[in-house]
Amino acid sequence: MTAAGVPQTLLGILRAESGLIAGIVTTVLFFTVGKGWLGYLDSLPWLGLMFVWLFGVMIWCAFGVVRHADALAELLGEPYGTLILTLSVISIEVAILATVMLGKTPNPTLPRETMFAILMIVLNGMVGTVLAVGGLRYVQQQYNLQGALAYLAVITPLAFLALVIPTFTESTSGPTLQWQQAIVIGAMTALLYAAFLRIQTTRHRKFFVQPKLTGAGKGVGQTPAVTPSGSDTDMADSGHHGPTYSGPVHAVLLLATLLPVVLLSKPLAALLDHGIAQIGLPNALGGVVIAMLILSPEWTAALQAAMRDQLQRAVNLSLGSALSTIGLTVPVMLAISLFTGTPLKLGLSSVDIVLLSVTLFVCHITFSGAPTNILLGFVHLVLFGTYVLLIFKP
């Protein structure tokens with residue numbers, strides 16, 4: 001039954017939850033009769049078939065997670081709405097990387113490659129397409145400057161703590177940390193992220209709400225005067241499709257749809273490692289594939305928000321993803337490494353450090369004042385293209 005009391009047909013509910021059903025069936029198959037399927041990975045067509053199957057089902061489930069998170073977002077309003085969506089999506093990343101690290105053959109560089117890929121995809125690819133699409137349709141778009149600056153003020157130091165400092169530590173060989181350094185950096189990351197969440201949900205909630213235009217500034221090409229929306233639930237239709245249940249039901253279905261993504265991450269990682277080695281692709285491509293799996297639903301939601309002239313929601317989704325991938329992933333990965341002795345390499349190469357620095361610098365320029373326009377989007381897309389080229393550098 002929906003929130004409005006309109007009964008749903010069984011067929012409609014099954015169709016809406018088809019991703020969950022596909023995830024359950026695939027998980028059961030891979031953990032029973034499908035265990036032997038991973039023994040034939042030397043056959044490239046079979047490897048490709050297994051990868052497409054697993055990746056497709058996990059994407060399907062990820063979109064289901066976002067659908068239920070969007071429904072909760074509509075019920076709770078901003079900033080809780082996009083916060084739930086962001087945490088739901090990034091929890092997929094944390095679960096996948098934790099599963100890989102706790103497996104029999106952990107990849108010490110996969111967390112670094114995944115986090116860096118997410119930062120580049122979000123801060124350049126997602127932000128670039130959002131600003132370009134929004135600028136193409138509306139010429140200029142408004143957002144809450146204080147909220148964007150709050151995101152960047154936390155993202156910048158956390159990115160350097162997690163991905164740059166380990167490159168220059170001399171107490172260990174390679175881009176790694178001593179256990180004392182790992183404890184300090186993990187604790188600082190978690191505390192700073194927790195402080196941000198406290199600010200976002202209590203003291204300064206209005207920083208993360210779409211500003212309303214005053215009457216004098218609504219003309220195209222003008223710089224509108226804006227005032228923060230005073231309503232916590234001032235959130236237009238998020239594009240949520242499918243049956244609407246009560247809040248607890250959506251929460252349970254969200255967790256249930258998330259579970260197959262977590263469980264299937266182990267065979268997907270095995271397919272990725274084998275395929276990259278067999279075909280001779282760059283090692284960083286594994287992190288990119290996982291990043292695209294994690295971010296594709298959220299990227300879609302951000303683009304939909306920009307198309308509806310809700311740039312603040314798109315900013316919350318994009319910058320929130322970048323912040324959460326560091327604030328949640330780094331403490332968890334460091335804790336797993338410390339307690340299990342699993343090797344973990346976090347430090348970036350010199351070229352990647354330069355690209356990260358330029359990206360953060362451009363982000364600060366982009367969100368230094370409102371409104372945005374299509375040119376800013378193109379600048380970020382150029383940086384995203386540069387990142388893609390660097391992945392396949394000889």
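The largest cavity has 12 lining residues, and Leu 83, Tyr 151, Gln 200, Gly 320 and Ser 324 are the ones nearest its centre. Before I go on: this is a predicted model, in which local features need pLDDT of at least 70, side-chain atom pairs count only at pLDDT 80 or more, and totals for chains, interfaces and linings use all residues. Residues are numbered from 1 along each chain as its sequence is written, and side-chain values use heavy atoms, with hydrogens and water left out.

A cavity here is a set of points, on a 1 Å grid over the protein atoms alone, where a 1.4 Å probe fits but cannot get out; lining residues have an atom within 4 Å of a point. The volume of the largest cavity is about 60 Å³, counted as the space filled by probe spheres set on the points, with points joined across faces, edges and corners. Over the whole structure, the search finds one cavity of 30 Å³ or more.

Which helices supply the lining? At least two residues each come from α4 (80-101), α8 (179-203) and α11 (311-327). Helices are DSSP runs of H or I, at least four residues, numbered from the N terminus. By class, the lining has six nonpolar, six polar and no charged residues. Nonpolar means Ala, Val, Leu, Ile, Met, Phe, Trp, Tyr, Cys and Pro; charged means Asp, Glu, Lys and Arg; the others, Gly among them, are polar.

Now the packing. Helix α3 (residues 44-76) packs on helix α9 (residues 247-279) at about 155 degrees, with the axes 8 Å apart. That makes α3 roughly antiparallel to α9, the term for angles over 145 degrees. Axes are lines fitted to C-alpha atoms over the stretch in contact, and angles run from 0 to 180 degrees between N-to-C directions. The α3–α9 contact has 27 nonpolar, eight polar and no charged residues.

The second pair is α5 (residues 110-138) with α14 (residues 374-391): their axes come within 7 Å and cross at roughly 150 degrees. These two are therefore roughly antiparallel as well. Their contact has 16 nonpolar, seven polar and no charged residues.

Last, the rings. The structure holds nine aromatic pairs, meaning rings of Phe, Tyr and Trp (its six-membered ring) with centres within 6.5 Å. In one of them, Phe 51 and Phe 55, the centres are 5.5 Å apart and the planes at 20 degrees, so the pair is stacked, that is, planes under 30 degrees apart. Both residues lie in α3, four residues apart, about one turn of the helix.

Methods: Parallel < 35°, antiparallel > 145°, perpendicular 65-115°, else oblique. 1 Å grid on protein atoms, 1.4 Å probe; cavity = no way out; pocket = protein on both sides within 12 Å on 5 of 7 lines; lining within 4 Å. Phe/Tyr/Trp six-rings, centres within 6.5 Å; stacked < 30°, edge-to-face > 60°.
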